[in-house]
Amino acid sequence: MDTPVPQRWPAKVAHSRHRRAYALVGLSLLSALQVLDPTLNSLALPEVAEELGMDPSVRSFASSVGTLLLAAAMLGIGILGDLRGRRRVLLVGTLGMAVGGVLCATAPVAGLYVVGRVVMGVSTAGSFGMSLAILPTLFRPEELPRVFGAWLGVQSAISVLGTLGSGALQASLGWRATCLIIPVLAVAFTAFGALAVPDSRAAHPRRFDAVGVVLAAVALICLMGGFTLAGELGWGSPVVLGGLLLAVVLLALFAFWEARSTRPGFPIRLFAVPAFTAACVVGIVFNFANGVIAMQLPTVLESVLGRSAFVASIALTTMSVGMLFGTLAAGEAQKRLRLSARTIFTSGLLTIALGILLLGLVRTTTGSWYFAACAFVVGFGIMWAQNAESAVIMSAAPKEMVGSVGAVKPAVGQFGMGLGLGVVVPIIVGVLRSSGATGREAVIAGFTEVMLWIAGFVVLCAIGVHLLMVKQGRLQSFEAPPTG
């Protein structure tokens, strides 16, 4: 058998010696939709809000509801895939993205557009989550670093092409055409996936952990919602503080429930493995950096320095190019130099810190190319670390629970991204208020001060991850808990 887990292969590829490669291509394409969708939504949303008459609260909700529900639905859909068939959930989820995109593209009113984003968020959990979960059932742990390099490389390439192409398409045909990009790609990729991706499921049935799923979903909604509202209402808002406190309580209850359950939906004891915990920390930190750059670079370039939106989009595209190079470099480095996950994690976070540190040196006269170069460095570090992060998390998954464990990656990702989007703006505002300064020079001074602090924080995280993995030997994988 050429796979760690028995597979039911589609007839078209069942007897091909390249069938795993075909499946990897299909899974990479399907997973790329999750990376492209937020970019397209961000691009279309200003015109959507204007044409459909969205007030600021509705626009904010439409912007975040997709990622909120993606994180919240991941555990439940992961368990469902383990129990009912991962390929089935993968393909149904991708077709659901097509439905959500069509709803958005044809929406005559704001409410229907929001419904489309809701459908998109839940469906993306099925598409992306199962793409991630199927890989460790096809490839052995020692193969996963290279496999995830290819998987992430396709995502980065499509992100670069999609960012550039969608801008041109929207300029000529409008936002509704932008919303149709995902449906068209989803149908095409689903057709290829149906021909190339095999099916698998847990060998031993277990009950659907409804209590664990509900606790995790509500906790993540409260957590991500709190971060989103913090940027608008401030961290002192009772709504924000109440939501975050409730999230902490629910996450504690979730951990208690899973630890005491004889048949848990998620193997909570994985957090006892230093490499697994370190990978989760790394995922939070590099997504935090991603959120900082995605939010602050356009704001500084356009609103503060008066550069065009096109220049800001080029800077963000440069970060995507850096991600592509980081993915390719990480895969080759682990193959040829046999670098450990510890080395990759530490060097990746330090690279991110360097890019953010360089942003802490900008002035009002700094050229746009400099911002783009910093974004490239951060993007490179993000994907350099993410390759190993994906491999470590999924290598730790029990074969019976790859869908459940796959929920961790987007959960920690959304947590980090929420921090990046929600924390930095209030901090910059606080710095400006405390100094009493106003004007463009003052805003840039506040921005650079916060970037320097963030760079220091990322360095401390790199040191912490390095120390956490000092005693980590070969990554252990737990067997599935006994089932009755």
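Which residues does N387 touch, not counting residues up to four places away in sequence? In this predicted model, N387 touches P145, F148, G149, L152, T327, A330, G331 and Q334. The residue lies in helix α13, which covers residues 368-395. N387 has a relative accessible area of 0% and is therefore classed as buried, the cut-off being under 20%.

The relative accessibility of G283 is 0%, so G283 counts as buried. When neighbours within four places in sequence are left aside, G283 is in contact with E389 and V412. The C-alpha atom of G283 is separated by 9.1 Å from that of F415, although the two residues are 132 residues apart along the chain.

Helix α10 also packs against helix α12, which spans residues 341-359. The axes of the two helices come within 11 Å and cross at roughly 20 degrees. Because this angle is under 35 degrees, α10 is roughly parallel to α12. The crossing of α10 and α12 is left-handed. On the α10 side, the contact involves A275, A278, A279, V282, V285, F286, A289, I293 and L297; on the α12 side, F345, L349, I352, I356 and L359 take part. The residues of this contact comprise 14 nonpolar, no polar and no charged.

Definitions and conventions: Residues numbered from 1 in each chain as written. Predicted model: local features only at pLDDT ≥ 70, side-chain atom pairs only at ≥ 80, totals over all residues. Heavy atoms only, no water. Helix = DSSP H or I, 4+ residues; strand = E, 2+ residues; numbered from the N terminus. Buried < 20%, exposed > 50% of the residue type's maximum accessible area, 1.4 Å probe, protein only. Contact = heavy atoms within 4.5 Å. Axes fitted to C-alpha atoms, helices over the stretch in contact; angles between N-to-C directions. Parallel < 35°, antiparallel > 145°, perpendicular 65-115°, else oblique. Left-handed = near helix turned anticlockwise from the far one by under 90°. Nonpolar A, V, L, I, M, F, W, Y, C, P; charged D, E, K, R; others polar.
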